[in-house]
Amino acid sequence: LTMRNNEAAMVLTLPEAAAMLGLSVRGTYTLCRRADFPTVRLTPNRIGVSRAGLERWIEKQVQKGEAD
C-alpha cells in the first residue's frame, strides 16, 4: 500500500486513528491495550484500528461522559 484513500479505508493506521482522536500515536498505542478498543492485528508486529469500530467506541465514550 503506497497511497491510501483515508475516507474509504476500513482499517486505520495508528497515526490515522491518533489524528481522528486528537491524540499522540503513543497515547493511541496505550488505548490499544484496552479490551474495548477496536484493534485489528494486521501482522504479528503491526496493528490497525477498525474505522467503524472506532466510531462506535467514540460514541460509547461520549455516552458514558453524558451519563456522569
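The model is predicted, so local features are reported only where pLDDT is at least 70 and side-chain atom pairs only at pLDDT 80 or more, whereas totals for chains, interfaces and linings use all residues. Residues are numbered from 1 along each chain as its sequence is written, and side-chain values use heavy atoms, with hydrogens and water left out.

The chain has three helices and three strands, where helices (H or I, at least four residues) and strands (E, at least two) are DSSP runs numbered from the N terminus. Read from the N terminus, these elements follow the order β-α-α-β-β-α. Of the 68 residues, 29% count as buried, a term that stands for under 20% relative accessible area, with exposed meaning over 50% and partly exposed the range in between (1.4 Å probe, protein chains only). The accessible surface of the chain comes to about 5,000 Å², and 54% of it belongs to carbon and sulfur atoms; such areas come from the Shrake-Rupley method with a 1.4 Å probe, and for residues only the protein chains shown count as cover. Among the contacts (heavy atoms within 4.5 Å) with a separation of 6 or more, 41% are made by residues 24 or more positions apart.

Helix α1 (residues 14-21) and helix α2 (residues 25-32) pack with their axes 9 Å apart and at an angle of about 100 degrees. Axes here are lines fitted to C-alpha atoms, for helices over the stretch in contact, and angles run from 0 to 180 degrees between N-to-C directions. The two helices α1 and α2 are therefore roughly perpendicular to each other, given that angles under 35 degrees count as roughly parallel, over 145 as roughly antiparallel, 65 to 115 as roughly perpendicular and the rest as oblique. On the α1 side the contact is made by Leu-14, Pro-15, Ala-17, Ala-18 and Leu-21, and on the α2 side by Val-25, Thr-28, Tyr-29, Leu-31 and Cys-32.

Within α1, the residues Leu-14, Glu-16, Ala-17 and Ala-18 are buried, and the buried residues of this helix pack against β1, α2, β3 and α3. Thr-28 lies in helix α2 and is buried, with a relative accessible area of 0%. Apart from neighbours within four places in sequence, Thr-28 is in contact with Leu-14, Ala-17, Ala-18 and Leu-23, and its C-alpha atom is 5.6 Å from that of Ala-18, a residue ten positions away in sequence. Just after α1, Gly-22 takes a positive phi of about 75 degrees.

The strands form an open sheet in the order β1-β3-β2, with antiparallel pairing; two strands pair if DSSP finds at least two bridges between them. Because β1 and β2 stand at the edges, each with a single partner strand, one side of each is left without a neighbour in the sheet. Two bridges join β1 to β3, and Leu-12 has Val-49 as its bridge partner in β3. Four bridges join β2 (residues 39-43) to β3, and these strands form a hairpin with two residues between them, in which Thr-43 stands opposite Arg-46. Helix α3 lies across β1 and β3, running at about 60 degrees to β3.

Finally, Ala-8 is found in the segment before β1 and is exposed, with a relative accessible area of 53%. The C-alpha atoms of Ala-8 and Arg-51 are separated by 9.2 Å, although these residues are 43 apart along the chain.
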